[in-house]
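Subject: Structure for you to look at

Hello,

Here is the structure I said I would pass on. Please open it next to this message and follow along.

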Amino acid sequence: MAMAAARRRLWRGMGTAAAAAASGTDVSLLARLVSEPEGRVKATVEEVASSAQHRDGGFWEPLAAALLRASSPTKAHLVLEWKLEKLLKEEIHDCEPYSTIIRFCAQTRNAALAMRVFECAEAQGIHLNTGIFNALLNTFLSAGDLLSAVSLYETMEGMDSCKPDSTTYDAFISAFSLLGSGHAMMSWYVAAKNAGFTPSIQAFESLITGFVRLDMLDDAKMVFEQMISFGIKPNSVILETNLDMLSRQKEANTVRDFLKRVSDGNWELNNATVGRLTRICIDGGEIDEMKQLLVLIQKGTHLSSEAQLYHGIIRFYAKADRLAEMEDAICRMLDNGVMFMCPEDIEVIICTYFRHKEFDKLELFLNRIRSFFKLNRSTYDILVAGYRKFDLHERLYATINDMRQAEFA
């Protein structure tokens with residue numbers, strides 16, 4: 001049999017280990033199984049399966065997931081073994097439940113149990129499909145058994161009904177990304193394309209993040225461009241990694257070009273990426289990029305970054321003594337419901353008004369913010385110093401009176 005020789009290779013070098021991941025289930029049942037001795041787990045699950053509440057039989061998946069999450073992999077494996085025994089007893093010839101058990105084995109890196117399930121399905125005469133092969137292949141990869149994974153892939157290539165598909169290649173790409181093998185990643189990426197498959201967004205994420213981690217920036221850029229050419233919209237991880245890649249290359253107009261592509265592609269930015277872009281723009285004093293980013297994020301819900309950008313734009317114009325543009329930015333910010341957050345932003349504006357001797361405009365500004373921003377001692381000191389310098393006695397005395405009411409000596 002074609003599988004016999006492959007099976008002998010597959011059994012060699014397989015190890016087991018536990019890993020956590022999954023979702024919840026019935027709390028009382030979970031608590032009961034966690035407290036039960038291991039020897040009672042299968043009997044308890046069988047008892048629950050016979051009850052009217054769980055007669056549909058679908059409870060075992062969330063239960064196994066919950067046990068994994070509760071750091072009880074051995075008991076989760078016992079639930080999987082119970083399910084396998086039940087499938088065999090009832091002579092179920094559907095491939096999917098066997099595949100599901102094997103997928104759980106991938107989460108715990110239990111290649112031995114996965115192989116046992118696979119062999120049982122084969123012994124039942126079940127028509128195997130690519131899905132169950134991929135589940136087993138993923139288990140080998142999660143367990144770090146690359147030899148068995150490659151052997152299984154070669155077996156799939158020789159079978160008409162279980163040929164490797166896009167998921168098969170994605171699994172290898174992801175595994176070699178985690179292992180930090182750039183050459184292997186690229187080889188499986190090329191193999192997928194040669195086989196007529198377009199990698200998934202998750203596979204592109206593995207490729208791009210993997211290449212950037214390895215500082216293989218040209219390869220990362222090439223894969224990113226090919227992903228865009230396939231019409232695939234980058235996710236937040238890819239965008240963050242792409243920004244990191246552009247920053248490392250230290251090319252001119254990095255942020256501007258990045259923002260243009262985001263705008264043209266209607267890509268979504270997450271809070272982390274927006275925050276990073278905001279810091280880059282503000283630290284570099286890149287006013288055009290700040291305004292461009294502000295337009296982009298106002299379409300979303302990045303309120304904290306919107307405030308930072310407005311403040312950065314206002315500080316830029318204030319320090320550059322561009323009064324009209326500073327006032328325009330202040331008005332747009334306040335009209336959009338964004339408030340000042342720190343005294344330093346207020347103080348740089350006050351100093352700009354004093355330098356331009358625009359005392360009436362300063363008074364209008366102070367009146368507008370007075371209802372929502374409480375001036376602190378340092379801000380009052382700047383006002384007092386400015387009014388004294390320009391002999392504005394009436395405003396000086398009014399400010400000193402405001403200081404007293406605010407309990408500043």
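**Ring pairs**

Phe118 and Phe133 are both buried (under 20% relative accessible area; over 50% is exposed and in between is partly exposed, with a 1.4 Å probe and protein chains only). This is a predicted model, in which local features need pLDDT of at least 70 and side-chain atom pairs count only at pLDDT 80 or more, while totals for chains, interfaces and linings use all residues. Residues are numbered from 1 along each chain as its sequence is written, and side-chain values use heavy atoms, leaving out hydrogens and water.

Rings of Phe, Tyr and Trp (its six-membered ring) pair if their centres lie within 6.5 Å; planes under 30 degrees apart are stacked, over 60 edge-to-face, and the rest tilted. That rule gives 20 aromatic pairs. One of them is Trp60 with Phe104, tilted, at 6.0 Å between centres and 55° between planes. Trp60 sits in helix H4 and Phe104 in helix H6 (residues 95–108), 44 residues apart. Helices are DSSP runs of H or I with at least four residues, strands are runs of E with at least two, and both are numbered from the N terminus. Trp60 is buried, at 4% relative accessible area.

Ring pairs also join Tyr153, Tyr169, Phe172, Trp188 and Phe197 into a cluster.

**Positive phi**

Ser71 is not a glycine, yet its phi is positive, about 60°. Ser71 lies in the loop between helix H4 (60–69) and helix H5 (73–89), and is exposed at 58%. Glu407 also has a positive phi, near 70°; Glu407 is in the segment after helix H23 (393–405).

Regards
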